[in-house]
Amino acid sequence: MLSVLWAGMMLVSVICAVMTGHVDALVTSITASAKAAFEMALGLGGVMAFWLGLMNIAEEAGFIRGLARVIQPCLRRLFPEVPPDHPAMGAMLLNIAANMLGLSNAATPFGLKAMESLNRLNTQPGVATNAMCMFATINTSSVQLIPATGIAFLATGGAQHPYDIVVTTLLATIISSIVGLSAVFWLQGSKWFKLEPTASGTSEQGS
Amino acid sequence: MQLVNWISSAVFLSFVAGIPCVGAFKKIKVFDVFVEGAQEGFNVVLRIVPFLVGMVVAIGMLRASGAFELLAQGLGPVLNAMGVPPDLLPLMLARPFSGAASNAVLVDIIRAQGGDSMIAHMAATMIGSTETTLYVVAVYFGAVGIRRTRHAIACGLIADAVGMFVSIFICRFLIAG
């Protein structure tokens, strides 16, 4: 999929350049882009190494668990079908806390474990439960306390105040999460996505 | 704006100074742990270099060939009506599919517009407030053999779209261009 897209981008560029007379610019752009990509990655290296070093301390010092405890009350309300002491709840809390701290390497194993536990509560194999869709949406709407990658790229690109995006990102991600989670409650009971009750009597707990 | 800068610095500094202090208070050898994590950060960067080079070259070619201008001309009126700068369109299209491609588009935007530009701040805010929804859904649901993902993709894409538009408007209000 990505391979076809990549080759297609190059083909389109060549055709466009010939049509619009930008062939010279196209040729010089290739080496310039390759060089710039590497320079950006080098700049990223310093900031990312520092940040992940800091986050390693945070992990060791128990910040993930601390944050998980803070967000626990919110999470119970978002997952009415999951018993509060079910293993899925613990795994989801740790996944979301790790994601908020930007520790995606630590977050993924918790996330997969959460999906596995949620699937044990599933009565219709192969069909997503409401809780799974809620969990996936929380993950994709990405509440991140410090947008380390964006800061690193901006700083490497010569921004004077790359940290300004901390506030803008936080506001954007909070609003997008609120809308995303509202969409979950709205769509889980809608006629397109509703769970059909099975013979075993699975009850729909939509809002 | 001064206030944004002040709050951002305060949040950032509380992380940078607060985490090692809490760690030291808990009797962790904070510098050793830091170095270990930083090594991992370096590995992350080494891993993304090939993806970044491949994608930045392809996106740079599209920009140099004039394809972006054609696209911006064609969709300009629609995008303007929605308040979206045409320069951000490639990022908005790539973001749900691929982290490598969207990082590369961010690099391309920063190169073309400068790190201090409004567009670059909008793009970086977008990257931070959205996710590669289709990838996340594929990995998470694929891992447990779920075929019917129901509303998961729709909700993820709604959150992404809202994040993108809010990024544009918030930067326009809060960041001095």
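## Cysteines, a helix pair and selected residues

A:Cys74 is in no disulfide, and the nearest cysteine sulfur, that of B:Cys155, is 19 Å away. B:Cys155 is likewise in no disulfide; for B:Cys155 the nearest cysteine sulfur belongs to A:Cys133, 7.1 Å away.

This is a predicted model, in which local features need pLDDT of at least 70 and side-chain atom pairs count only at pLDDT 80 or more, while totals for chains, interfaces and linings use all residues; side-chain values use heavy atoms, with hydrogens and water left out. Residues are numbered from 1 along each chain as its sequence is written, and chains are lettered from A and ligands numbered from 1 in the order in which they are written.

Buried means under 20% relative accessible area, exposed over 50%, and partly exposed in between, with a 1.4 Å probe and protein chains only.

| Residue | Relative accessibility | Class |
|---|---|---|
| A:Cys74 | 48% | partly exposed |
| B:Cys155 | 0% | buried |
| A:Thr173 | 0% | buried |
| B:Lys27 | 77% | exposed |
| B:Arg150 | 8% | buried |

A:Thr173 sits in helix α8 (residues 165–187) of chain A. Helices are DSSP runs (H or I, at least four residues) and strands are runs of E (at least two), numbered from the N terminus. Apart from neighbours within four places in sequence, A:Thr173 is in contact (heavy atoms within 4.5 Å) with A:Ser141, A:Ser142, A:Val143, A:Gln144 and B:Ser129.

Two residues other than glycine have a positive phi. For B:Lys27, phi is near 60°, and this residue is found in the loop between α1 (2–25) and α2 (30–64) of chain B. For B:Arg150, phi is about 50°; B:Arg150 lies in the loop between α7 (133–143) and α8 (152–174) of chain B.

Between the chains, helix α7 (residues 148–156) of chain A packs with helix α5 (residues 99–113) of chain B at an angle of about 30°, their axes 10 Å apart. Axes are lines fitted to C-alpha atoms, for helices over the stretch in contact, and angles run from 0 to 180 degrees between N-to-C directions. α7(A) is therefore roughly parallel to α5(B), a class for angles under 35 degrees, with over 145 roughly antiparallel, 65 to 115 roughly perpendicular and the rest oblique. A:Thr149, A:Phe153 and A:Leu154 of α7(A) make the contact with B:Asn103, B:Leu106, B:Val107 and B:Ile110 of α5(B).

Methods. A disulfide is a pair of cysteine sulfur atoms within 2.5 Å.
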